[in-house]
Amino acid sequence: MKLYSDEELAQILDREIFHQISQIIDKLGVDGYVVGGYVRDIFLERPCNDIDVVIVSEHPSDWEEGCGIKVARALAKSLGRKAHLSVFKSFGTAQVKTNTGLEIEFVGARKESYSHDSRKPVIENGTLEDDQNRRDFTINAMAICLNGSRFGELVDPFNGLADLEDGIIATPLEPGITFSDDPLRMMRCIRFATQLNFQIEPETFDALERMADRIKIVSNERIEVELNKIMMAPHPSIGLEYLQRSGLLQMILPEVAALDIVEKRNGRAHKNNFYHTLEVLENVCRDDNNQTSRASNCSTAGPQPEEATLLSTVSSPLWLRWAALLHDIGKTKSKRWDPLAGWTFHNHNSIGAKMVPEIFRRLKMPLGGEMRYVQKLVDLHMRPIAIADEEVTDSAVRRLLNDAGDDIDDLMRLCEADITSKNQIRKSQFLENFRIVREKLDDLKEKDYKRLLQPVIDGNEIMEMFHLKPSREVGTLKQYLKDAVLDNRVPNEREPLMRLLLEKAREMGLA
């Protein structure tokens, strides 16, 4: 972070676009201020292309169309073909996009009032003070004047600059009012704390705990956006712990919140699977952050809070992080006490995999390849560990590669991240065995594993040979040949597989 005087801020804003806005607002006789994230990120020394401008007018005639819209129209006209204007009259806002990638949103200064059961405010024209009062956090309530006579002057009524310097998230007004007006701000509060690695001011956190159930009036689509931004921060465990401590996680992801328990019986306790999950997630993120650092040598501040675009493809780190977060959710349902073995969690991977679709549906997340990817990794995450816990056989590795397919590398990353044992000898043994598993996987991939692992005799040929329709018998014969190939009992060649097929068919009474 860097502090600037008003004169230095004027130099930072010494850009053609700001001078054009300045000339327009002076000509129209209104006041204009850059506000919000753009101002915050100037002091954080982070790039930002999204600019919010508040226009203040004392002329009633400006309020009819909206003084922000009026300035936006004038700027778009001034820029000509270099800009595209979008007007949202019902919201009193307008956006100008330039051909250089800048997005400037204009709105008239306003004050808002809310009913208890809605996030949609009643809006009235207001002063700059009214507009700053309605902002979510002090660090987002700073404004810089664009009028010629005061160009670069910082207006900071809530000491947002001091909070930015101290690394504090606090609300401009009493936090209960801020969160009650718009409960999504509770998620944004934790998201900013996570992305910026800031502390939440105690009074503000108390309000989070007190008002957590207000999140129920917020749509799951909006919650998902904020949750994914938390997940894509350099250290998402910061936000997830805040969500858990505040009670919000129980409202949003009860399956994960339920892991935060330790039971003890006969002097034997199991680990806290919530904090284990956070450790696994951090291990996965450490790899992502190292790769990002090596690739771009960019700031560790992470994605920009307002403008980060989350990748929706399966290859995005987002979905591997989700797999890490959900990998043990089946433990709550599978937990059993065995007098000899102690606490057990048998089949928690398959139970957890069955829980994934409902979570994705509830949070309005994509139900296609992304969901299936997370479900697969949750389901398979115990397989490499089971292999590494014993002698690493070719057969087991071939089966693993067959089932994981193109997601094998991500599965191995998840499983290596899952080794959080404090027993260094056992941890070293697992990691060494994982190294052997990876060597065998690399060897198989070099030999074109897709061709090697799929029997050359397929289901269509089996049906034709034995005059069968699609049926259980066909599936049994296909699986028998596949098992033989995976176990390396016969080479994946036509002649030995045909002998095996005829032998099995006779045994089933088909030949």
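**Close-up 1. The salt bridge between Arg361 and Glu358 in a predicted model.** In this predicted model, Arg361 and Glu358 form a salt bridge (a side-chain nitrogen of Lys or Arg within 4 Å of a carboxyl oxygen of Asp or Glu), and their closest N and O atoms are 3.9 Å apart. Both residues belong to helix α18 (residues 348–362), and because they are three residues apart there, about one helical turn separates them; helices (H or I, at least four residues) and strands (E, at least two) are DSSP runs, numbered from the N terminus. Arg361 is partly exposed at 45% relative accessibility, and Glu358 is likewise partly exposed at 40%, where buried means under 20% relative accessible area, exposed over 50%, and partly exposed in between (1.4 Å probe, protein chains only). Residues are numbered from 1 along each chain as its sequence is written, and side-chain values use heavy atoms, with hydrogens and water left out. Local features need pLDDT of at least 70 and side-chain atom pairs count only at pLDDT 80 or more, whereas totals for chains, interfaces and linings use all residues.

**Close-up 2. The salt bridge between Glu461 and Arg494.** The side chains of Glu461 and Arg494 meet in a salt bridge with an N to O distance of 2.1 Å. This pair links distant parts of the chain, with Glu461 in helix α25 (residues 459–466) and Arg494 in helix α27 (residues 494–507), 33 residues apart. Arg494 is partly exposed, its relative accessible area being 43%.

**Close-up 3. The salt bridge between Asp328 and Lys331.** A salt bridge joins the side chains of Asp328 and Lys331, at 3.2 Å from N to O. Asp328 is buried, with 1% relative accessibility, and Lys331 is buried as well, with a relative accessible area of 9%.

**Close-up 4. The second largest pocket.** The volume of the second largest pocket is about 750 Å³, a volume being the space filled by probe spheres set on grid points that are joined across faces, edges and corners. A pocket is here an open set of points on a 1 Å grid over the protein atoms alone, where a 1.4 Å probe fits, with protein on both sides within 12 Å along at least five of seven lines, and lining residues have an atom within 4 Å of a point. Of the 27 lining residues, Lys271, Lys331, Phe345, Met382 and Arg426 are the closest to the centre of this pocket. Strand β15 gives the most to the lining, with three residues.
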